[in-house]
Amino acid sequence: LAAPKLTTLLVVVSDGNVLLGEKKRGFGAGLWNGFGGKVDLGIDASVEHAALRELREECGIDALDATRRGVLTFHYADAPNPMETHVFHASAFEGTVAESDEMRPAWFPEDAIPLEKMWPDDEHWYPAFLRGEKFVGTFWFDREKKITRHELEVVETL
Ligand code: 6U4
Ligand code: NA
Ligand code: NA
């Protein structure tokens, strides 16, 4: 079995609004998403450290209360290894949200996130995420990045 590629996704929810970024380049360009990227074993002491580092790099803020809320495994038809994405929630942060080379940030009301312009798995797990639940899921995608199969479970502990 191929080892999964570890990545992070951090979503800030503050005063009923969700901070997302439109990805300007690379994997998932054009889609709105939380902030994140690859865990770099050379510089990240932990997956949480990677999540905080990517948030800072991509929109200029430091999350103060990040907690891990989900683990998602993505199988892409054209990728040799699955991607394991650790999803973090934060509500408090320091700094000023700013656009970067990678992301154009914007706030959305919790009940109006732009699901039609997000990864197709997001409609499955954001409701649990926004309810404060923890979750584990696996999604399989075809070459057009459509979901062919999925599993999603709410869990007590990750
Ligand atoms: P680096 O250089 O690390 O910033 P980047 O272009 O951000 O590279 P990558 O592969 O490191 O891409 O990270 C992919 C990002 O996209 C992670 O934040 C996870 C997220 N992502 C990938 N597939 C996703 C999916 N199906 N649903 C989702 N987020 C996904 O909500
Ligand atoms: Na990234
Ligand atoms: Na990155």
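## Close-up views of a predicted model

**View 1. The largest pocket and its lining.** The largest pocket holds about 470 Å³ of space. The structure shown here and in the following views is a predicted model. The lining of this pocket comprises 28 residues, and those nearest the centre of the pocket are K23, F27, G36, G37 and M83. Two or more lining residues come from each of β1 (5-14), α1, β5 (67-76), β6 (83-90) and α2 (122-130). Strand β1 gives the largest share, with 4 residues. Sorted by class, the lining of the largest pocket contains 10 nonpolar, 9 polar and 9 charged residues.

**View 2. The sodium ion (ligand 2) and its protein donors.** Three residues supply protein donors to the sodium ion (ligand 2): G36 through O, E58 through OE and E102 through OE. These donors lie 2.2 to 2.4 Å from the ion. Along the sequence, the donor residues follow the spacing G-x21-E-x43-E. G36 belongs to the loop between β3 and α1, and E102 to the loop between β7 (93-94) and β8, so this pair ties together parts that are 66 residues apart in sequence. G36 is also one of the residues nearest the centre of the largest pocket. With a relative accessible area of 14%, G36 is buried, because residues under 20% are counted in that class.

**View 3. The sodium ion (ligand 3) and helix α1.** E54 is part of helix α1, which spans residues 47-59. A distance of 3.2 Å separates the sodium ion (ligand 3) from the sodium ion (ligand 2). Helix α1 also contains C59. C59 counts as buried, at 1% relative accessibility. The C-alpha atom of C59 is 7.8 Å from that of F35, although the two residues are 24 residues apart along the chain.

View 4. Strand β2 covers residues 17-23 and is mostly covered, with 5 of its 7 residues buried. Its pairing with β1 is antiparallel and runs over 3 bridges; in this pairing S14 stands opposite N17 of β2. The pairing of β2 with strand β8 (residues 103-109) is likewise antiparallel, over 7 bridges, and here G21 stands opposite P105 in β8. Strand β3 (residues 32-33) also pairs with β2 in the antiparallel sense, over 2 bridges. In β3, W32 is the bridge partner of E22.

**View 5. The turn between β1 and β2.** Strands β1 and β2 form a hairpin with 2 residues between them. D15 lies in the loop that joins β1 and β2. Although D15 is not a glycine, it has a positive phi of about 55 degrees. D15 counts as exposed, at 78% relative accessibility, because that class takes residues over 50%.

**View 6. The hairpin of β9 and β10.** Strand β9 (residues 134-141) pairs with strand β10 (residues 147-155) in the antiparallel sense over 8 bridges. F141 stands opposite I147 in β10. The two strands form a hairpin with 5 residues between them. K145 is placed in the loop between β9 and β10. The phi of K145 is positive, near 65 degrees, in a residue other than glycine. At 26% relative accessibility, K145 counts as partly exposed.

**View 7. The buried side of helix α2.** In α2, the residues D122, W125, Y126, A128 and F129 are buried. They cover an arc of only 165 degrees around the axis, and therefore lie on the same side of α2. An α-helix has 3.6 residues a turn, so residues three or four places apart point the same way. Just after α2, G132 takes a positive phi of about 90 degrees. Helix α2 is also among the elements that give two or more residues to the lining of the largest pocket.

Note on methods
Residues numbered from 1 in each chain as written. Chains lettered and ligands numbered in written order. Predicted model: local features only at pLDDT ≥ 70, side-chain atom pairs only at ≥ 80, totals over all residues. Heavy atoms only, no water. Donors = N, O, S within 2.8 Å, 3.2 Å for Na, K, Ca; no water. 1 Å grid on protein atoms, 1.4 Å probe; cavity = no way out; pocket = protein on both sides within 12 Å on 5 of 7 lines; lining within 4 Å. Points joined across faces, edges and corners; volume = space filled by probe spheres on them. Nonpolar A, V, L, I, M, F, W, Y, C, P; charged D, E, K, R; others polar. Buried < 20%, exposed > 50% of the residue type's maximum accessible area, 1.4 Å probe, protein only. Arc of directions from axis to C-beta. Pairing = 2+ DSSP bridges.
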